[in-house]
Amino acid sequence: MVNKEYRPTIAQLRTFATIAEFGHFGSAASHLGISQPSLSQALAALENGLGVQLIERSTRKVIITPIGRTLLPFAQNTLESLETFVAHARGANGGLVGSLTIGMIPTVAPYLLPDFLASLPQESPELEPRIVEEKTHHLMDGLRQGKIDIALVGMPTDTAGLQKIELYTEEFVLVVDKSSPFAGRSDVTVDELADTELLLLDDGHCLRDQILEMCRTVEMTKDPRRSVTRAASLSTVMQLVSAGFGATLVPLSAVASECSRPGIALATFDGGAQRAGRTIGLVYRSSTTRHEEYVALGEMIAQSYREVAAHSRSFLSHF
């Protein structure tokens with residue numbers, strides 16, 4: 001018989017949510033800093049108290065039961081509310097404090113993270129960030145499932161049930177091999193790309209989608225969507241460009257880090273970011289009470305972008 005007076009503990013809810021997140025008992029136990037038997041006992045106590053099975057045990061994988069999938073968002077929201085409660089208590093005088101899981105797309109994270117993290121000890125010493133680097137659709141899923149708190153992605157994106165803060169717009173820089181007639185130019189037009197073999201990232205990267213959207217205004221004789229070469233990272237694309245297999249577009253923030261390879265030349269567009277660029281912003285759940293904190297976080301990220309962009313512009317000036 002179900003005990004109607006039973007109420008789960010925070011530790012039990014966190015156990016359930018963590019097992020669901022990692023899909024593995026050992027990994028969940030390691031993440032929580034407890035033994036696997038203790039993890040199993042906490043989950044069993046939760047299931048016995050509720051009178052339902054939340055997780056199917058298997059030697060190969062963890063399977064969330066249908067009722068488990070139904071209850072998981074409530075457990076995650078409860079844990080998020082607790083973190084928000086603690087954060088507000090610790091930050092009664094304002095400021096970003098406490099744990100925060102921040103998602104970032106792969107064409108932003110490598111370039112902004114070093115400056116952003118370096119600024120935290122002075123700007124928000126009590127903030128405890130956890131960074132998740134993933135493609136946009138995974139970050140959106142993570143937001144809606146409560147696995148991450150906020151995501152830094154390209155705009156626009158599907159924000160149903162979510163709030164967004166646009167942070168900055170950055171221009172694309174054309175990367176070609178040194179023999180290209182584009183090399184060193186500062187007045188390239190998008191129309192001139194019509195006959196260019198553009199190398200793009202693989203499906204799922206919003207940078208790919210943003211470049212394709214820009215190319216729709218041009219009658220491309222070589223459709224970049226049909227390219228047999230699709231890379232998982234900008235570094236791979238840059239290696240291909242330097243080897244003479246085509247050209248690509250990179251965001252300004254990536255220039256200083258990615259464009260120092262031999263054999264590469266750069267060019268910029270007439271009209272800058274307004275003609276060829278992307279907008280980056282923060283997305284978070286509408287139900288959160290941390291809006292003001294996220295605005296402050298956005299300003300810190302935007303400042304990191306300005307620092308990185310200035311470094312890239314200095315790098316560009318030598319081409």
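Thr15 is a residue of helix H1, where helices are DSSP runs of H or I with at least four residues, strands are runs of E with at least two, and both are numbered from the N terminus. Before I continue, please note that this is a predicted model, in which local features need pLDDT of at least 70, side-chain atom pairs count only at pLDDT 80 or more, and totals for chains, interfaces and linings use all residues. Residues are numbered from 1 along each chain as its sequence is written, and side-chain values use heavy atoms, with hydrogens and water left out.

Thr15 has 3% relative accessibility and therefore counts as buried (under 20% relative accessible area; exposed is over 50%, partly exposed in between, with a 1.4 Å probe and protein chains only). Leaving aside residues up to four places away in sequence, Thr15 touches Leu32, Leu39, Ala42 and Leu43; contact means heavy atoms within 4.5 Å.

I turn now to the helix pair. H1 (residues 10–22) packs against H2 (residues 25–32) at an angle of about 125 degrees, and their axes are 8 Å apart. H1 is therefore oblique to H2 (under 35 degrees is roughly parallel, over 145 roughly antiparallel, 65 to 115 roughly perpendicular, and the rest oblique). On the H1 side, the contact is made by Arg14, Thr15, Thr18, Ile19 and Phe22; on the H2 side, by Phe25, Ser27, Ala28, His31 and Leu32.

Finally, Glu80. This residue lies in helix H4 (residues 66–90). Is Glu80 buried or exposed? Its relative accessibility is 15%, so Glu80 counts as buried. With residues up to four places away in sequence not counted, Glu80 touches Asp149, Arg285 and Thr288.

Conventions
Axes fitted to C-alpha atoms, helices over the stretch in contact; angles between N-to-C directions.
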